[in-house]
Amino acid sequence: MAKTRELCKDIRGKIVDLHKNGMGYRTIGKQLGEKATTIGAIIRKWKKFKMMVNHPRSGAPCKISPPGASMIMRKPRTTRQDLVNDLKRAGTTVSEKTISNTLHRHGLKSCSARKVPLLKPAHVQARQKFANDHLDDPEEECEKVVWFDETKKEIFGLNSTRRVWRKKKDEYNPKNTIPSVKHGGGNIILWGCFSAKGTGRLHRIEGRMDGAMYREILANNLLPSVRALKMGHG
């Protein structure tokens, strides 16, 4: 919540004086251009504590300024120590705990970054166009479609994860994901398919793929998968 505007000492004094003269909250508010609730709060504080200034607030003031908070929230794929170092270079020294508290206060939490395919802008646009073109397709048409592709899966190598600071609903925002490519040693190549009715066969590809092998894979796996899923003809 943004900090509310505080009235100066002179205005507070006028409010109390007008109240002493018998004016009501609404009348004072109209005369000074303030809300009746604000007038009432100041008068109640004067009656209870015999003072018009605010009491000192509890707790230490926030060490990270609003610009500093904005800066660290623009860097989701980083560690708390990196953020501490960034703020230190900007002239603000804080602890990792302070970084965590600031991010939590803005609704962010530390999560494992989602891995997504590395796509060029043209690929993203083509996928969005396809989705929009078929957005209103009836369910019966969708059930006639079978998807198939090949992929190379690593069975050895690094499986480490990266962590990001994000809100729950932003898990697939590009700035919160880690683009991945299919490469590296120790891997197997698989062909698979699926449809609205379920998953089809999974076939391991051995050797170098050519046109003849691909046609054989489709003949031995695609049509049997369609029949097994009871997708019908056409």
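Of the 234 residues in this chain, 23% count as buried. It's a predicted model, so keep that in mind throughout. The fold comes to 9 helices and 7 strands. Among contacts with a separation of 6 or more, 67% are between residues 24 or more positions apart. The chain exposes about 17500 Å², and carbon and sulfur atoms supply 54% of that.

**Helix H1 and what it packs on**

- H1 covers residues 9–20, so you're looking at a helix of 12 residues.
- From first C-alpha to last, H1 reaches 17 Å, which is close to the 16 Å expected at 1.5 Å a residue.
- The buried residues in H1 are Arg12, Gly13, Ile15, Val16, Leu18 and His19.
- Those buried residues pack against two helices, H2 (25–32) and H3 (36–49).
- After H1 comes glycine 22, and its phi is positive, near 95 degrees.

**Serine 100**

- You'll find serine 100 in helix H6, which runs over residues 96–105.
- With a relative accessible area of 5%, serine 100 is under the 20% cut-off, and therefore it counts as buried.
- Setting aside neighbours within four places in sequence, serine 100 is in contact with Arg80 and Trp165.

**Salt bridges**

- The structure holds 4 salt bridges, and three of them are picked out here, starting with arginine 89 and aspartate 86.
- In the bridge between arginine 89 and aspartate 86, the closest N and O atoms are 2.3 Å apart.
- Both partners sit in helix H5 (residues 80–89), and because arginine 89 and aspartate 86 are 3 residues apart there, about one helical turn separates them.
- Lysine 129 bridges to aspartate 133, with 2.8 Å between the closest N and O atoms.
- That pair belongs to helix H7 (residues 121–133), where lysine 129 and aspartate 133 are 4 residues apart, or about one turn of the helix.
- Lysine 129 counts as exposed at 52% relative accessibility, while aspartate 133 is partly exposed at 46%.
- Glutamate 141 and lysine 144 also meet through their side chains in a salt bridge, at 3.6 Å from N to O.
- Glutamate 141 is partly exposed at 40% relative accessibility, and lysine 144 is partly exposed too, at 48%.

**Aromatic pairs**

- There are 2 aromatic pairs in the structure.
- Phenylalanine 130 and tryptophan 147 make an edge-to-face pair, with 5.8 Å centre to centre and 75 degrees between the planes.
- This pair ties together distant parts of the chain: phenylalanine 130 is in helix H7 and tryptophan 147 is in strand E3 (residues 146–154), 17 residues apart.
- Phenylalanine 130 is partly exposed at 41% relative accessible area, and tryptophan 147 is partly exposed at 42%.
- Phenylalanine 148 and tryptophan 191 have ring centres 6.1 Å apart and planes at 35 degrees, so that pair is tilted.
- Here again distant parts of the chain are linked, with phenylalanine 148 in strand E3 and tryptophan 191 in strand E6 (residues 187–195), 43 residues apart.
- Phenylalanine 148 is partly exposed, with a relative accessible area of 35%, but tryptophan 191 is buried at 0%.

**Nonpolar surface patch**

- Phe130, Val145, Trp147 and Phe194 form a nonpolar patch on the surface.
- Together, the residues of the patch have about 390 Å² of accessible area.
- Phenylalanine 130, one of the patch residues, has its place in helix H7.

How values were computed. Residues are numbered from 1 along each chain as its sequence is written. This is a predicted model: local features need pLDDT of at least 70, side-chain atom pairs count only at pLDDT 80 or more; totals for chains, interfaces and linings use all residues. Side-chain values use heavy atoms; hydrogens and water are left out. Buried means under 20% relative accessible area, exposed over 50%, partly exposed in between (1.4 Å probe, protein chains only). Contact means heavy atoms within 4.5 Å. The expected span of a helix is 1.5 Å times one less than its number of residues. Rings of Phe, Tyr and Trp (its six-membered ring) pair if their centres lie within 6.5 Å; planes under 30 degrees apart count as stacked, over 60 as edge-to-face and the rest as tilted. Patches are made of residues with over 30% relative accessible area and no salt bridge: like charges are joined within 9 Å, nonpolar side chains (Val, Leu, Ile, Met, Phe, Trp, Tyr) within 5 Å. Accessible areas come from the Shrake-Rupley method with a 1.4 Å probe; for residues, only the protein chains shown count as cover.
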